Amino acid sequence: MTQMGTALRDDVADGAGDVLLAGAQAADELGLSRGEFARAVQLGIVRAGPRTLGAARYARAELDRVRSAAGPPGALREQVETVAGAEAAAEVVGVGPSRFTRLARCGHVIPVGYRINRYRAVVWLYLTAELRSFAAREPAILRGIAPPEDRELMAAKTDLRPRTWRGRHIGLLLRRTADPWERAAVLASVLPEDELREAVPDPAERIVLAALGPPLPYGHPQVPAAAAVATGLLKAGPPDEIHRYRTSLDFALAGARGQSKSTGERGPT
């Protein structure tokens, strides 16, 4: 086993005597690839334990819980399986790629992730299980004429995929923490810089929010040109979307500031 795959085991301070494993070993124990395990964490199927030196660790009891809840062998992998691009997704739901693209652009199916290909184009990832569920639930929309609202969106060349992905991404991040400063940091991360400065005029608060901001999504490219394309997906675009996140940030900050007044410290307790 490689050094990366070796478990980093520490006694849990709460006295439960549990063992904490690094992500690579946790993935191995669940029979998942690194990418599949990252998707399971993203979706909240696997809950991270305490961080050690900035890296998430996973309790053995949590892995036992996930195995027990997953059911038959292979069921967990089925929950996190994804397909990349319109052609592969269209095959799952049984339509042509152009129709699937229209459905995705109009918000009927929501991506769970992205890749940036060598041409710097966004390749959206979809959960296979969700696609199958959609096909079973909405057979009419797969075969029939596009509804008027879809025709209006396509005539306006609207593409809701970045927006619906952001909504899903931010929602999943918010579900993973109850701390008001960390929740505020998640909401701040989606605002463009000028909007963030206007929403949070205190530079010290912006430093706290930046420090607590979520990591980049798994698979975010490292090559600068591709990373620039992907980074654009992380920021809200349409005015109404920006307004919604700003309103949510204002509410989260009110709670975070109230916490700071009660503890005498800025930041999470």
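How many of the five residues of strand E3 are buried? Four of them are, so strand E3 (residues 55-59) is largely enclosed by the rest of the structure. The structure shown here is a predicted model. The protein has 15 helices and six strands, and buried residues make up 43% of its 269 residues. Of the contacts with a separation of 6 or more, 66% are between residues 24 or more positions apart.

**Strands E1 and E3**

- Strand E3 is joined by three bridges to strand E1 (residues 20-22), and the two run antiparallel.
- Within this pairing, Ala22 stands opposite Arg57 in E3.

**The sheet of E4, E6 and E5**

- Three strands form an open sheet in the order E4-E6-E5, and their pairing is antiparallel.
- Strand E4 (82-84) and strand E5 (113-116) are the edge strands, each of which pairs on one side only.
- On average, neighbouring strands of this sheet are turned by 25° against each other, with direction ignored.
- Strand E6 (residues 122-127) is joined to E4 by three bridges and to E5 by four bridges.
- Leu125 of E6 is the bridge partner of Ala84, and Leu125 is also the bridge partner of Gly113.
- The hairpin of E5 and E6 has five residues between the strands, and Arg120 in this hairpin takes a positive phi near 65°.
- Helix H7 (residues 128-137) lies across E4 and E6, and runs at about 70° to E6.

**Helix H14**

- Helix H14 (residues 224-233) has the buried residues Ala226, Ala227, Ala230 and Leu233.
- Seen down the axis of H14, these buried residues fall within an arc of 100°, so they line one face of the helix.
- The face turned away from the buried side of H14 carries the exposed residues Pro224 and Ala228.
- Strands E5 and E6 and helix H10 (161-175) are among the elements that cover the buried residues of H14.

**The second largest pocket**

- The second largest pocket holds about 360 Å³ of space.
- It is lined by 22 residues, and the closest to its centre are Ala188, Ser189, Val190, Pro214 and Lys235.
- Four elements are named as giving two or more residues to this lining: H10, helix H11 (180-189), helix H12 (193-199) and helix H13 (203-211).
- Helix H10 gives the largest share of the lining, four residues.

- Leu32 lies in the loop between helix H1 (23-30) and helix H2 (34-42).
- Leu32 has 6% relative accessibility; buried means under 20%, so Leu32 counts as buried.
- Arg102 is a residue of helix H6 (residues 97-105).
- Arg102 counts as buried because its relative accessibility is 11%.

Conventions:
Residues are numbered from 1 along each chain as its sequence is written. This is a predicted model: local features need pLDDT of at least 70, side-chain atom pairs count only at pLDDT 80 or more; totals for chains, interfaces and linings use all residues. Side-chain values use heavy atoms; hydrogens and water are left out. Two strands pair if DSSP finds at least two bridges between them. Axes are lines fitted to C-alpha atoms, for helices over the stretch in contact, and angles run from 0 to 180 degrees between N-to-C directions. Contact means heavy atoms within 4.5 Å. Buried means under 20% relative accessible area, exposed over 50%, partly exposed in between (1.4 Å probe, protein chains only). The arc is that of the directions from the helix axis to the C-beta atoms. On a 1 Å grid over the protein atoms alone, a cavity is a set of points where a 1.4 Å probe fits but cannot get out, and a pocket is an open set with protein on both sides within 12 Å along at least five of seven lines; lining residues have an atom within 4 Å of a point. Grid points are joined across faces, edges and corners, and a volume is the space filled by probe spheres set on the points.
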